[in-house]
Amino acid sequence: MVRITLQCKNKDVFFICAETLNIFPSQPMHVEPSTKVSMSLVSPQSSGATRSSEPTMELGNPRIGSDYPPPLSSEPSKDIKPTAVKQREGNTRKGTTSSSEQEGPKTPDPKTLRRLAQNREAARKSRLRKKAYVQQLESSRIKLTQLEQELQRARAQGVLFGGGALLGDQSLPSGIGGLSSEASMFDMEYARWLEEHHRLMCELRAAVQEHLPENELRMFVNNCLAHYDELMNLKNIVIKSDVFHLLSGMWKTPAERCFMWIGGFRPSEIIKILLSHVEPLTEQQILGICALQQSTQENEETLRQGLDALYQSLSDTVTSDALSCPSNMANYMGQMAIAMNKLSTLESFVKQGDNLRQQTLHRLNQILTTRQAARCFLAIAEYFHRLRALSSLWLARPRQE
């Protein structure tokens, strides 16, 4: 038993440390004590705390002296072991991560690669469609702007709507630049048709140059023929609403208007142009084309005579009464009613002209071989393309003051 006296706040405090002297050791003196316990998992940071806690003695009877600080524990801190374990776990994770990084990214399977390729292709096609649509809108806008300028020039010259200013522009239809809504819509659809026609001709030309088999080339020829049928359907729609727009040719370029015939091209002229581009022809083909040309010219002459008779009858109706102002209102309204009935027959003439054009193209397709028909459609497209180019050069020419 050891008695220790401490002086705290001028008072002597006595307490007894229950320490038994190690008189009889449990091991022989010549054997060193084992250090296995002291070599437990203790971090280097805690070694200082362990050494500082070694000389500390556990004080008994803690109730003596309430002012005395609590005794220090001789056991190592319990927070040391979890910290060491966490460090080991962190090192283990780092090692695993580094090993996985060294292995590199895994190669995706073929299904994923195929899906990614399909997504990229779909995105590319979407961009191309968007670009084509924007170009189409821009070309339509330019076309409408040109039509508006031409109509304004014609109106200023008094060609289309003469005397409209005296009537307070009551004779002018509503629409862009004096065009009706149906005519404006037809112009936009025709501009779109021209773009599609240009694309089809490029495909047909490439097919001819590649010398594709007859069955494959026939598909391109049929597409071109169906595209012309689509134009006839568009014209049938606008005939019922604004037949004068088709007859005036304002939806064509200036050079094309010089060769217009009842709202379109003259079929017999197209046959003459094609004769030198589809050779060599067999004797049977020559006879068939000559018969087609003769019947086409006869139909054209019949339509011309009927149209001339309509114009003459219309003029006689308008001038049947005295051209004085003011005129008899009853006679005036009667004349206008008769003239309007006669004008309605114009729709029939334009429809017959379109039917003759369509029949001519289909008949040529039947007479010629597939490769000759392909050259035939290419020649027609090039003919009208040169007329449009001539119009552009004419409009862009330098003007003399």
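Biologist: Which element of the protein chain has the lowest mean pLDDT, and which the highest?

Modeller: This is a predicted model, in which local features need pLDDT of at least 70 and side-chain atom pairs count only at pLDDT 80 or more, while totals for chains, interfaces and linings use all residues. Residues are numbered from 1 along each chain as its sequence is written, and side-chain values use heavy atoms, with hydrogens and water left out. pLDDT is the predictor's confidence in each residue, from 0 to 100, and helices are DSSP runs (H or I, at least four residues) numbered from the N terminus. The lowest mean, 42, belongs to helix α1 (residues 47-53), and the highest, 93, to α11.

Biologist: How many contacts beyond near neighbours in sequence does the model have for residues 94-102?

Modeller: A contact means heavy atoms within 4.5 Å. Over residues 94-102 the pLDDT is below 50, and where pLDDT is low, the predicted coordinates should not be read in detail. The number of such contacts for this stretch is zero.

Biologist: Which residues touch the most other members of the largest nonpolar core?

Modeller: Such a core is a set of buried Ala, Val, Leu, Ile, Met, Phe, Trp, Tyr and Cys residues joined through side-chain atoms within 4.5 Å; buried means under 20% relative accessible area (1.4 Å probe, protein chains only). Elements giving two or more residues to this core include α4 (181-209) and α12 (370-395). Of its 54 residues, those touching the most other members are L204, F377 and I380.

Biologist: Is T317 buried or exposed?

Modeller: T317 lies in helix α9. Leaving aside residues up to four places away in sequence, T317 touches Q335, I338, A339 and K342. Because its relative accessible area is 8%, T317 is buried.

Note on methods: Buried means under 20% relative accessible area, exposed over 50%, partly exposed in between (1.4 Å probe, protein chains only).
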